Structures are given as structure tokens and as C-alpha cells.
Amino acid sequence: MSLLRQGRWYIVIGVAQWLLDWATLVGLSHAGLDVVVANVCGRMAGALLGFWLNGAITFARDDAGPRRRQALRYLVLWCGNTVLSTFGVTTVATLSDLQWAWLAKPLVEGALAIGSFLVSRHWVYR
């Protein structure tokens with residue numbers, strides 16, 4: 001599969017993931033849940049959607065869908081990105097306020113997405 005095709009699907013699926021992630025963060029933190037917990041919950045929701053769709057569409061192989069090895073690699077990638085994302089969002093929330101953290105979330109996730117694509121293409125789904 002071509003890099004261009006994978007890149008397009010990764011972006012489309014990434015936007016869906018991000019919308020679910022961001023809406024979960026905003027909804028839970030607005031309801032009073034701590035921003036750290038809300039961010040992790042949002043990332044979990046987005047990760048489940050992304051793993052399934054990227055495995056089935058973006059990095060699909062003829063022989064099978066996502067496998068156990070891919071799931072474990074995805075979990076490692078997700079944990080690292082979740083630590084970085086949570087650090088970024090909570091830093092903004094601490095230095096300013098919750099609304100700025102909500103606005104910073106897309107920037108943090110966008111920066112992480114670039115590296116995630118390369119790691120997913122060359123390690124997670126290979």
C-alpha cells in the first residue's frame with residue numbers, strides 16, 4: 001500500500017479518533033473529573049477506535065486484521081503517547097486554566113500524530 005494512501009487514511013481516522021478523544025476529555029473534565037483522568041479516558045476511547053480502524057483500513061494486510069503482536073506494540077506506543085499528552089495538557093491546565101487545556105489538546109495530539117504514523121507504519125502494523 002502506498003505511503004500516500006496510508007497517510008490519507010491515517011489522517012481521516014486520526015480526525016475521528018481526535019474528535020472522540022477531545023469530546024471525552026471536555027465532557028468528563030467539564031463534569032468535574034480531574035483533567036489527568038479525563039485525558040486518559042479520552043485517549044483510551046480514541047485508541048480503541050484507532051487501533052481497530054487503522055488495522056482494518058490504513059495498514060491492512062491481505063492475510064489478517066490486527067493481531068496480538070500488533071495490539072501489544074500499539075499498547076506500548078499508546079502508553080508513551082498518553083504520558084506525553086497528559087503531561088502537555090495538564091501543564092497547560094496548571095499554568096492557565098481548563099479551557100486553555102481544552103484548546104491545547106488538539107495541538108498536543110497533532111504533534112504526537114506525526115511520530116505515531118511512522119511508528120505505526122514501520123513497527124506496530126508490520
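Predicted model: local features only at pLDDT ≥ 70, side-chain atom pairs only at ≥ 80, totals over all residues.

Reader: How are the rings of Phe51 and Tyr125 arranged, stacked or tilted?

Author: Their centres sit 5.9 Å apart with the planes at 25°, and planes under 30 degrees apart count as stacked, so this pair is stacked.

Reader: And where in the chain do those two come from?

Author: Phe51 belongs to helix H2, while Tyr125 is in the segment after helix H4 (98-124). They are 74 residues apart, so the pair links distant parts of the chain.

Reader: How many aromatic pairs are there?

Author: The count comes to 7 aromatic pairs. One of them is Phe51 with Tyr74: the ring centres are 5.0 Å apart and the planes are at 50°, so that pair is tilted.

Reader: What does the Phe51 and Tyr74 pair tie together?

Author: Phe51 is in helix H2 (residues 35-58) and Tyr74 is in helix H3 (residues 68-95), so the pair ties together parts 23 residues apart in sequence. Both Phe51 and Tyr74 are buried.

Reader: Which residues form the aromatic cluster?

Author: Tyr10, Phe51, Phe59, Tyr74, Phe117 and Tyr125 form one cluster.

Reader: OK, switching topic. Arg43, buried or exposed?

Author: Arg43 has 8% relative accessibility, and under 20% is the cut-off, so Arg43 counts as buried. Its place is in helix H2.

Reader: What does Arg43 touch?

Author: Leaving out residues up to four places away in sequence, Arg43 touches Asp21, Trp78, Asn81, Thr82, Ser85, Lys105 and Glu109.

Reader: Now the helices. At what angle do H1 and H4 pack?

Author: Helix H1 (residues 3-30) packs with H4 at an angle of about 150°, and the axes are 10 Å apart. Angles over 145 degrees count as roughly antiparallel, so H1 is roughly antiparallel to H4.

Reader: Is the crossing left-handed or right-handed?

Author: The crossing of H1 with H4 is right-handed.

Reader: Which residues meet there?

Author: On the H1 side they include Tyr10, Trp18, Asp21, Trp22 and Leu25. On the H4 side, Trp102, Lys105, Glu109 and Phe117 are among them.

Reader: How do the residues of that contact divide into nonpolar, polar and charged?

Author: For H1 with H4, the contact has 11 nonpolar, 6 polar and 4 charged residues.

Conventions: Residues numbered from 1 in each chain as written. Heavy atoms only, no water. Phe/Tyr/Trp six-rings, centres within 6.5 Å; stacked < 30°, edge-to-face > 60°. Helix = DSSP H or I, 4+ residues; strand = E, 2+ residues; numbered from the N terminus. Buried < 20%, exposed > 50% of the residue type's maximum accessible area, 1.4 Å probe, protein only. Contact = heavy atoms within 4.5 Å. Axes fitted to C-alpha atoms, helices over the stretch in contact; angles between N-to-C directions. Parallel < 35°, antiparallel > 145°, perpendicular 65-115°, else oblique. Left-handed = near helix turned anticlockwise from the far one by under 90°. Nonpolar A, V, L, I, M, F, W, Y, C, P; charged D, E, K, R; others polar.
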